[in-house]
Amino acid sequence: HLRSKVWPLLMGLGTLDDEKGVAHVEWLKKRVELCELVTEDWIRWDVSNTSADDDYFVFAGTLLDVLMWSSHDRWIYHHSTVHLHPPFRDGLTVFPPSGVVPFAGMVSYCCPLCYVFSVPSQIYLMYREMFARYFCRLTVISPESNTILTLSGLFEQLLKTAEPAVLYHLEQLGVPALSIALPWIMKAFVGVLPVSEVLHLWDRLLAFETLELLSVLAAV
């Protein structure tokens, strides 16, 4: 699969099967076995929602493993470009170790990767890199570029310019255009478009290194 080789290169990861990465995932597996987090039920609930999705329900076991590992991974806290919320601390210890309290739809950012990589450790390493660099920005309230606020503003600006009649019609109906498009953008179109089209979209997100393409697609 060409994407399984190209995507890690675009993210500057090189190969996903190096000894250090594999060893780290093995360490995370042991942490999950030894230390149960109170947030794990939220992860299970989020993954259970994929059971109704014909494209992703077969990967429920892998998705659960990946999100469980991610919750224990301090790397995510230290490398995320933005933080979704102030960290919960017990002294100097961040909880959960990733610094990310699980939220509804978090599993969406992992689902398409199951069609690109067949090895769970590779799915995980790609997921955490994409989450820390890009997807964490889709759920944080911040004026920084490529966050949900600026992407929402860009969507409204593009729609007003390209399709003013559509915008006016929705306003007359009392339906803000953003209320329709926001879930598409926040989930990076996972569950909205067919898997093949999501993968084509993500090809471009990684190649151009911007989430603004989500706003462009939502306005088309």
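View 1. Leu10 belongs to helix H1 (residues 2-10), where helices are DSSP runs of H or I with at least four residues, numbered from the N terminus. The model is predicted, so local features need pLDDT of at least 70 and side-chain atom pairs pLDDT 80 or more, whereas totals for chains, interfaces and linings use all residues. Residues are numbered from 1 along each chain as its sequence is written, and side-chain values use heavy atoms, without hydrogens and water. With a relative accessible area of 34%, Leu10 is partly exposed (between 20%, under which a residue is buried, and 50%, over which it is exposed; 1.4 Å probe, protein chains only). Together with Leu2 and Val6, Leu10 makes a nonpolar surface patch of about 250 Å² (residues with over 30% relative accessible area and no salt bridge, nonpolar side chains being joined within 5 Å; a salt bridge places a Lys or Arg side-chain nitrogen within 4 Å of an Asp or Glu carboxyl oxygen).

**View 2. The largest cavity.** The structure holds 1 cavity of 30 Å³ or more (a set of points on a 1 Å grid where a 1.4 Å probe fits but cannot get out; lining residues have an atom within 4 Å of a point). The space in the largest cavity is about 40 Å³. Its lining comprises Ile43, Leu67, Ser70, Ser71, Ser98, Val100, Pro102 and Met106. Helix H4 (residues 60-71) gives the largest share of this lining, 3 residues. By class, the lining has 5 nonpolar, 3 polar and no charged residues.

**View 3. His79 in helix H5.** His79 lies in helix H5 (residues 74-79) and is partly exposed, at 43% relative accessibility. Between His79 and Gly21, the C-alpha to C-alpha distance is 15 Å, with 58 residues separating them in sequence.

Note on methods: Patches are made of residues with over 30% relative accessible area and no salt bridge: like charges are joined within 9 Å, nonpolar side chains (Val, Leu, Ile, Met, Phe, Trp, Tyr) within 5 Å. Accessible areas come from the Shrake-Rupley method with a 1.4 Å probe; for residues, only the protein chains shown count as cover. Helices (H or I, at least four residues) and strands (E, at least two) are DSSP runs, numbered from the N terminus. On a 1 Å grid over the protein atoms alone, a cavity is a set of points where a 1.4 Å probe fits but cannot get out, and a pocket is an open set with protein on both sides within 12 Å along at least five of seven lines; lining residues have an atom within 4 Å of a point. Grid points are joined across faces, edges and corners, and a volume is the space filled by probe spheres set on the points. Ala, Val, Leu, Ile, Met, Phe, Trp, Tyr, Cys and Pro count as nonpolar, Asp, Glu, Lys and Arg as charged, and the others, Gly among them, as polar.
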